[in-house]
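Reader: Hi! Could you walk me through this one while I have it open?
Author: Happy to, let's take a look together.

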Amino acid sequence: MIFRYLLLAFLSISVVAAAENIGLQAQLFADMEDSRLDDFTLIEAAFILSGVQSPDSLRNHIRWYEEMVQNIRAYNFDLFDKPALAQKIFAIMHSNILGEYERESTTLLDIIRRKKFNCVSATILYNLVCADLGLETKAFETPTHVYTIFSDFERRFIVENTNAMGFNIMKNLHTYSQFLLQYYPHDRRLEIGLDQLYAYENSRGRPIDNTELLGLLAYNQAYFAAQKEDFVAAYEFVLTAQQFNADSRSNIEFEKGLYFRWGSRCFRERRFFDAFSVFADGFYRYPENADFAQNTRVAFLNCLQQNWQNRNWAQTRQVIGEILELDILQVEEMKQIKFYFDRWSTYFALKQKKAPLDELNSLLKKIENDLQR
């Protein structure tokens with residue numbers, strides 16, 4: 001419940017940010033609230049997450065994609081020899097479409113406009129093209145990387161999309177382990193073992209479908225927004241990315257860092273409700289993280305005080321309900337709630353406001369039951 005609320009809440013944190021997101025991106029984010037695409041195709045979603053903003057632009061980019069698929073189909077390859085077809089699609093894309101590897105070129109627009117790609121953008125484009133030509137594709141996400149896997153071939157095929165020689169890397173795992181060195185700091189390479197990187201990566205990864213794969217694009221967009229300290233956009237992209245890919249192995253540390261940085265900024269700016277919302281979401285996602293629990297409680301108590309000063313009972317009722325769901329309050333903090341409830345009770349009695357007084361008493365009973373427990 002908290003997560004669903006936060007997705008809506010943070011769409012309204014900034015009027016400017018909300019205005020910028022009215023349109024395709026907002027429609028896509030709303031479509032993914034149930035963690036599946038109903039109104040958009042995968043390629044449409046990929047372009048929107050890449051930064052396409054208007055319907056006309058989306059139509060133009062879809063036309064580019066469809067023409068590319070049609071051009072590949074025009075080669076009249078044997079559609080029944082699936083491994084050979086997959087290899088030929090791979091070769092065409094590397095020779096005519098993708099261009100050069102660049103670590104930060106994570107969107108399809110980078111491929112179209114600048115002929116630059118990284119593992120996410122290349123894997124998305126390759127997988128979707130293969131799927132449109134009748135090949136069932138998935139991806140494999142590791143803590144640092146993603147590549148293509150085929151699940152309907154007679155033997156296991158792995159495609160490393162960032163290298164023109166990367167088709168069927170299972171043929172030479174030693175060479176591929178050497179290739180993976182670029183994704184690891186020097187000390188980590190030595191710690192794991194230069195020949196063991198492939199095994200290390202895969203023991204910590206998992207297969208993902210192409211919808212989950214799009215979540216990595218949303219995560220990367222969040223990462224670049226966070227680098228610019230545009231935390232509103234970064235947080236919105238993360239919430240959407242979680243709807244696409246609920247268990248992204250490559251973004252755990254980034255997520256935790258974003259929760260802390262964005263929540264801390266809200267707290268410093270005395271936006272205690274926003275700080276509480278961010279830290280509560282962080283704790284909800286990572287309940288083993290003691291820092292998120294502590295920060296959530298501190299932000300909550302400051303929010304209680306600020307809401308009393310502003311006479312904001314609606315927000316008080318909301319945050320109390322949510323923190324009781326999280327079940328992280330300690331006895332002293334429960335007593336703090338009762339202290340403010342006494343103030344609110346007197347206030348409502350003087351103002352003769354029966355409805356909020358009834359709400360208060362209902363919450364108070366729950367708190368007293370929790371204290372006894």
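Reader: Let's start with E3 and E4: how many bridges join them, and do they run parallel or antiparallel?
Author: Strand E3 (residues 137-141) and strand E4 (residues 146-150) run antiparallel and are joined by 5 bridges. Strands here (E, at least two residues) and helices (H or I, at least four) are DSSP runs, numbered from the N terminus. Two strands pair if DSSP finds at least two bridges between them.

Reader: Before we go on, what sort of model is this?
Author: This is a predicted model, where local features need pLDDT of at least 70 and side-chain atom pairs count only at pLDDT 80 or more, while totals for chains, interfaces and linings use all residues. Residues are numbered from 1 along each chain as its sequence is written, and side-chain values use heavy atoms, with hydrogens and water left out.

Reader: Thanks! Which residue in E4 is the bridge partner of Lys138?
Author: That is Ile149.

Reader: And what is the strand order in the open sheet?
Author: The sheet has 4 strands in the order E5-E4-E3-E6, with antiparallel pairing. Strand E5 (157-159) and strand E6 (206-208) are at the edges with a single partner strand each, so one side of each has no neighbour in the sheet. On average, neighbouring strands are turned by 35° against each other, direction ignored. Axes are lines fitted to C-alpha atoms, for helices over the stretch in contact, and angles run from 0 to 180 degrees between N-to-C directions.

Reader: Which helix packs on that sheet?
Author: Helix H12 (residues 210-227) does, touching E3, E4 and E6, and its direction makes about 100° with that of E6. Contact means heavy atoms within 4.5 Å.

Reader: How does H12 pack against H14?
Author: Their axes are 11 Å apart and the angle is about 40°. That makes H12 oblique to H14; under 35 degrees counts as roughly parallel, over 145 as roughly antiparallel, 65 to 115 as roughly perpendicular and the rest as oblique. Tyr219, Ala222, Tyr223 and Ala226 of H12 make the contact with Phe254, Glu255, Leu258 and Arg261 of H14.

Reader: Switching topic, how many salt bridges are there in the whole structure?
Author: A search finds 17 salt bridges, each a side-chain nitrogen of Lys or Arg within 4 Å of a carboxyl oxygen of Asp or Glu. One of them joins the side chains of Asp247 and Arg206 (3.6 Å, N to O).

Reader: Where do Asp247 and Arg206 lie?
Author: Asp247 is in the loop between helix H13 (231-244) and helix H14 (252-268), and Arg206 is in strand E6, so the pair ties together parts that are 41 residues apart in sequence.

Reader: Nice. What about H16 and H17, how do their axes cross?
Author: The axes of helix H16 (residues 290-309) and H17 come within 10 Å and cross at roughly 160°. That makes H16 roughly antiparallel to H17. Residues in the contact include Phe300 and Leu304 of H16 and Val319 and Ile323 of H17.

Reader: And how do the axes of H17 and H18 cross?
Author: Helix H17 (residues 313-326) and helix H18 (residues 331-351) have axes that come within 13 Å and cross at roughly 150°. That makes H17 roughly antiparallel to H18.

Reader: Which residues meet there?
Author: Trp313, Thr316, Ile320 and Leu324 in H17 meet Met334, Ile337, Phe341, Trp344 and Phe348 in H18.
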